Amino acid sequence: MSQKLKRRLVEADHNLPQSSKTALEESHSDSDFFDNEGESSDLTDSEADLSGSDEVDSESESDNNVSEQSEEGDETPKVLSNGSPPVLQKVDEYAEHDTSDEEDIRNTIGNVPMKWYDEYKHIGYDWDGEKIEKPAQRDQLDAFLQRIEDPEFWRTVKDPQTGKEVVLTDEDVKLIKRINAQRVPDENFTEYAPWVEWFTSEVMKTPLRKFPEHKRSFLPSKIEAKRVSRMVHALKMGWIKTNAQYKRLKAKKKDQFYMLWQTDSEAEKMRRIHDHIPAPKRFLPGHAESYNPPSEYLFDERELQRWHKQEETPWKRKLHFVPAKHGSLREVPAYARYVKERFLRCLDLYMCPRGIKLKLTIGPEALVPKLPSPKNLQPFPTYLAITYEGHTDMVRTIDTDKTGQYLVSGSDDGTVKIWEINTGRCLKTINTESVVRCVRWCPNQALSLILVASGNKVILLNPDVGDFLISAKTDTVLKESPKSDTIINERVRTTVQWAAPSEAEYGRGFRAVLTHFKEVTQVTWHGKGDYFAVIMPDGQNRSVLIGQVSKRKSQLPFTKPKGLVQSVIFHPSKPYLFVATQRHIRIYDLIGQALVKKLMSSSQWIATMDIHPGGDNLLVATYDRKVLWFDLDLSTKPYQTLRLHGTAVRAVSYHKRYPLFASCSDDKSVIVSHGMVYNDLMQNPLIVPLKRFAEHKGCNDFGVFDVRFHPLQPWVFSAGADGTIKLYCN
């Protein structure tokens, strides 16, 4: 029996319990398990030596005499040569290869602010769950001394996760320098390596069949040889002709027609006269000039008397001769006025002024501009997606918030509703007790405010939807009105009065109520969300007001507006105010307090207007069925006049991101058009109508009142007189 097998049996004997040993000895007492008794005695002696061996000797010999590992792998314990208990060795499974775990992360707290650990002595936890202690903090003097004394200070950085200082190696410094120089981090990477054409651009000519042609296919056929010899003989004899010879024969045999009186239709080619103009042709003779005309062409007594009376005015006569009837052509006498009329004809040709005029022929196709296909102008709304129902009367106005999650609407039933756009669910219904003419969401994302024009009041409304932190901040800002020593002008005090809402109104979301002396038809926000404008068309000299939310005050910018004000809008980037009266649009500089430009609309009544996000183009809707596009850098007159609707146009709107604009009318339709504005000032805007929607129902000759685009998606909303709001998606 080998020494290796003995050692394994001894190891198993030590590990077995006492009961198992007794059973094993009884089972093998009579068996011939070993080859001879000598080997059995050696096993017993080895057991005695192992039981009384010194631990020091076994440890000293363990380093030199280690048995082979078993076939099972690294998990089998190693056995010493002297039979001592095995010593287990810990093997690193990641020593020879990398692992996919993120071992470089030394702090396991995750992506959380490090300021959370300012009050603790540790800065996080390692992989074993032990606390990572904060390093000692140095003051400015120690940092200065270290910067002077430590030569490696310039390459020392602080690890934000553990707070320890790490010294960058030369390879790290080189890598950082290459990244700052906008170069490839790897030095061995060749930026200008030779081009390898993996896929050839040449067309390969391959046979249609993969097997070669048979030899007999390359030998001429006897039948074909005879046929070719016959064709050659026919060509020599002239029996058959080539294609060129056939063309010559056809050209000779072709019939040639010519005009008998060629000078009647073409100009005479004369050497002395260039660009000869032929004389006008005379009318061909009719039935009245025949020698035997029909009886209806002959004059009766009444017609003959009338013809003689017009002798002094011969140009009024129906005919310049009296028709006569003869039995035969021989009986026709000579024409008495032949010489005179010939002379008058020559005189007319001589005295008639003639000149060459170039005639421009324009086909109907040339008048239609070549526009791109709508398929190439996507995305734009194409179908009706959601219908928002809940109002009991006409919906006059709608608007969306900056995030594109909520929609606000105002109706003639005196309510303002807040909708969730994606689900179509009505979140809130606020009663204003009067007809809602206009609603506008504040463009400032830090405030949750809605301007509501209801009757003669303007309400600052907090919808309390979305982020509750923003809603709470809005309530905090509007809770206390700022104190000001400025004396309010009597003219402004009689026009508008700021007031705090009652408890019942505050519970409905009211944060401030502005009471005006006339009915308010429109409100609009400034781009920054602090100023807003109010329109009262019946206010005459006080029809336009500008309010400020932060200071709770209003002012009258105009002492005497020129005309009945219909709409106002702020410029998106400049301190300009656009004021639209019935026929004109005036642009005022609010800082310089001067008129900048006056736009001529050439229409009878302006409804509303909207400005392009770039600020260089203006879209105007009129009640006389026109949509006007103004290029502010080009002219004061409309660049394009669109007649797309059959009745009054109620509203127009630009999209803030996509080159789209929409218009709605009382003909119950919403038309979406493509309006691309180029940065090149030499290139005109591209305007292409794309889609027409007619999903609303009419009510009292009204159709669609308002149209608005989604702030982020190419979707459009429309508010109709049927009390519904519709969303069109792409």
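The legends below describe close-up views of a predicted model.

**View 1. The salt bridge between R138 and E165 in the predicted model.** The side chains of R138 and E165 meet with a separation of 2.4 Å from N to O. This pair links distant parts of the chain, with R138 placed in the loop between β2 (131-133) and α5 (140-149) and E165 placed in strand β4 (residues 165-167), 27 residues apart. R138 is partly exposed at 40% relative accessibility, and E165 is likewise partly exposed, at 41%. The bridge belongs to a structure in which a search of the whole finds 9 salt bridges.

**View 2. The salt bridge between R437 and E519.** The closest N and O atoms of R437 and E519 are 3.1 Å apart. Because R437 lies in strand β10 (residues 436-441) whereas E519 lies in the loop between β14 (510-516) and β15 (522-525), the pair ties together parts that are 82 residues apart in sequence. R437 has a relative accessibility of 28% and therefore counts as partly exposed, as does E519 with a value of 35%.

**View 3. The salt bridge between R493 and E490 within helix α13.** In this pair the closest N and O atoms are 2.4 Å apart. Both residues belong to helix α13 (residues 490-493), and because they are 3 residues apart there, about one helical turn separates R493 from E490. The relative accessible area of R493 is 35%, which makes this residue partly exposed, while E490, at 47%, also counts as partly exposed.

**View 4. A network of salt bridges made by E152, R155 and D170.** The three residues shown here, E152, R155 and D170, are linked to one another through a network of salt bridges.

**View 5. A positive patch on the surface.** Positive charge gathers here through K222, K226, R227 and R230. K222 lies in helix α7 and is exposed, its relative accessible area being 72%.

View 6. I240 is placed in the loop between α7 (222-237) and α8 (243-253), and at 34% relative accessibility I240 counts as partly exposed.

**View 7. R306 and R317.** The C-alpha atoms of R306 and R317 are separated by 8.7 Å, and the two residues stand 11 residues apart along the chain. R306 has its place in helix α9 (residues 301-309), where its relative accessibility of 47% counts as partly exposed.

**View 8. The cis peptide bond from Q378 to P379.** Most peptide bonds are trans. The bond from Q378 to P379 is cis, however, with omega near 10°. P379 is found in the loop between α11 (364-367) and β5 (383-389).

**View 9. Positive phi values at Q540 and D701.** Most residues other than glycine have a negative phi. Q540, although not a glycine, has a positive phi of about 55°; Q540 is found in the loop between β16 (531-535) and β17 (544-548) and is exposed, with a relative accessible area of 61%. D701 is not a glycine either, and has a positive phi of about 65°. The place of D701 is in the loop between β30 (686-693) and β31 (704-709), and with a relative accessible area of 74% this residue is exposed.

**View 10. The cysteines C442 and C664.** C442 has a relative accessibility of 3% and so counts as buried, since the limit for burial is under 20%. C664 is buried as well, with a relative accessible area of 0%. A disulfide is a covalent bond between the sulfur atoms of two cysteines. The structure holds 0 disulfides.

Key:
Residues numbered from 1 in each chain as written. Predicted model: local features only at pLDDT ≥ 70, side-chain atom pairs only at ≥ 80, totals over all residues. Heavy atoms only, no water. Disulfide = S-S within 2.5 Å. Buried < 20%, exposed > 50% of the residue type's maximum accessible area, 1.4 Å probe, protein only. Helix = DSSP H or I, 4+ residues; strand = E, 2+ residues; numbered from the N terminus. Patch = residues over 30% accessible without salt bridge, like charges linked within 9 Å, V, L, I, M, F, W, Y side chains within 5 Å. Areas by Shrake-Rupley, 256 points an atom, 1.4 Å probe, with all protein chains shown as cover. Salt bridge = Lys/Arg side-chain N within 4 Å of Asp/Glu carboxyl O. Lys, Arg positive; Asp, Glu negative; His and termini not counted. Charge placed at Lys NZ, Arg CZ, Asp CG, Glu CD.
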